[in-house]
Amino acid sequence: MAVSKLGIDKRNAFVYNIMATMGGNCVILDLKKLFITENYALPIEYSVNLSDVEYMGEYPLKKPVTVTGKVTNRAGLVTLSISMVYVFSAPCDRCGLPTEIRHEVTLEKSLAPEIAGSDSDEIILVEDYKLDLDELIFTEVIISLPMKHLCQKECKGICASCGKNLNDGKCNCNTKQIDPRLQALADLLKDEN
Ligand SMILES: [Zn+2]
Ligand SMILES: [Zn+2]
């Protein structure tokens, strides 16, 4: 995983630190100043290259994942809200046609330097005020990868006999495929006669 682009709005007067280690697999946001500056928002806009992620025998994330969002401090409550958009590019599960589908994952969580009591799913712990954004994005994208990938909702697939893509029309094969169990029964009955 490498960071292909890091572009955080520099027009903002607010001073913050971003440690971006190229090749070291991390964009770490240092949020210490944000935590002590109320009513402030830190914009996030960059892209992450996940093209080396293998999934079901494919490398479906050929284009960088674009990440937009912000970290805000509203009256002391620090919240991360981001949108991750990726294009899943792989052959259709049924017909094999190269298919690209855009997916969006959104995430909104509170950030806290320490979690009191039982840890909550709604809170991300930022130890030492540092948030490993790459790791978070990597995890969120991976768990969101689709189980089903179809070129169209009602993809008809390909004919098992002749290999024709049935979305292009019917083939000339006998479509009345006999259930093999029924065929075995038919053979048994034939033997008895
Ligand atoms: Zn298809
Ligand atoms: Zn056919």
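Strand 5 (65-74) and strand 6 (77-91) form a hairpin with two residues between them, and A75 in the turn has a positive phi of about 50°. Helices (H or I, at least four residues) and strands (E, at least two) are DSSP runs here, numbered from the N terminus, and two strands pair if DSSP finds at least two bridges between them. Strand 6 also forms a hairpin with strand 7, with six residues between them, where G96 in the turn has a positive phi of about 80°. The two pairings are set side by side below.

| Strands | Bridges and direction | A residue and its partner | Residues between strands | Turn residue and phi |
|---|---|---|---|---|
| Strand 6 and strand 7 | 14 bridges, antiparallel | V87 with R102 | Six residues | G96, about 80° |

The model is predicted: local features need pLDDT of at least 70 and side-chain atom pairs count only at pLDDT 80 or more, whereas totals for chains, interfaces and linings use all residues. Residues are numbered from 1 along each chain as its sequence is written, while chains are lettered from A and ligands numbered from 1 in the order in which they are written.

The protein has three helices and nine strands, which follow one another along the sequence as β-β-β-α-β-β-β-β-β-β-α-α. Two residues are in contact if their C-beta atoms, placed from the backbone, lie within 7 Å; among contacts between residues at least 6 apart in sequence, 57% join residues at least 24 apart.

Of the 193 residues, 17% count as buried, a residue being buried if 20 or more other C-beta atoms lie within 10 Å of its own, exposed if 12 or fewer, and partly exposed in between, with C-beta atoms placed from the backbone. A nonpolar core is a set of buried Ala, Val, Leu, Ile, Met, Phe, Trp, Tyr and Cys residues joined through C-beta atoms within 7 Å. The largest such core has 26 residues, of which L31, V65, V67, V71, M84 and I137 touch the most other members. Two or more residues are given to this core by each of strand 3 (26-30), strand 4 (40-49), strand 5, strand 6 and helix 2 (133-144), and the largest share, seven residues, comes from strand 6. Leaving aside its neighbours within four places in sequence, V67 is in contact with I44, Y46, S47, V48, I82, M84 and I137.

Helix 2 has 12 residues and spans 17 Å from its first C-alpha to its last, close to the 16 Å expected at 1.5 Å a residue, that expectation being 1.5 Å times one less than the number of residues. Its buried residues are L133, D134, I137 and V141; seen down the helix axis they fall within an arc of 95°, so they line one face of helix 2, the arc being that of the directions from the axis to the C-beta atoms. The face turned away from this buried side carries the exposed residues T139, I142 and I143.

D121, in the loop between strand 7 (98-112) and strand 8 (123-125), is exposed, with 6 other C-beta atoms within 10 Å.

Confidence is given by pLDDT, the predictor's confidence in each residue, from 0 to 100. The mean for the protein is 81, and 79% of its residues reach 70 or more. Confidence is highest in strand 6, at a mean of 96, and lowest in strand 2 (residues 17-21), at 36. Over residues 1-25 pLDDT stays under 50. Where pLDDT is low, the predicted coordinates should not be read in detail.
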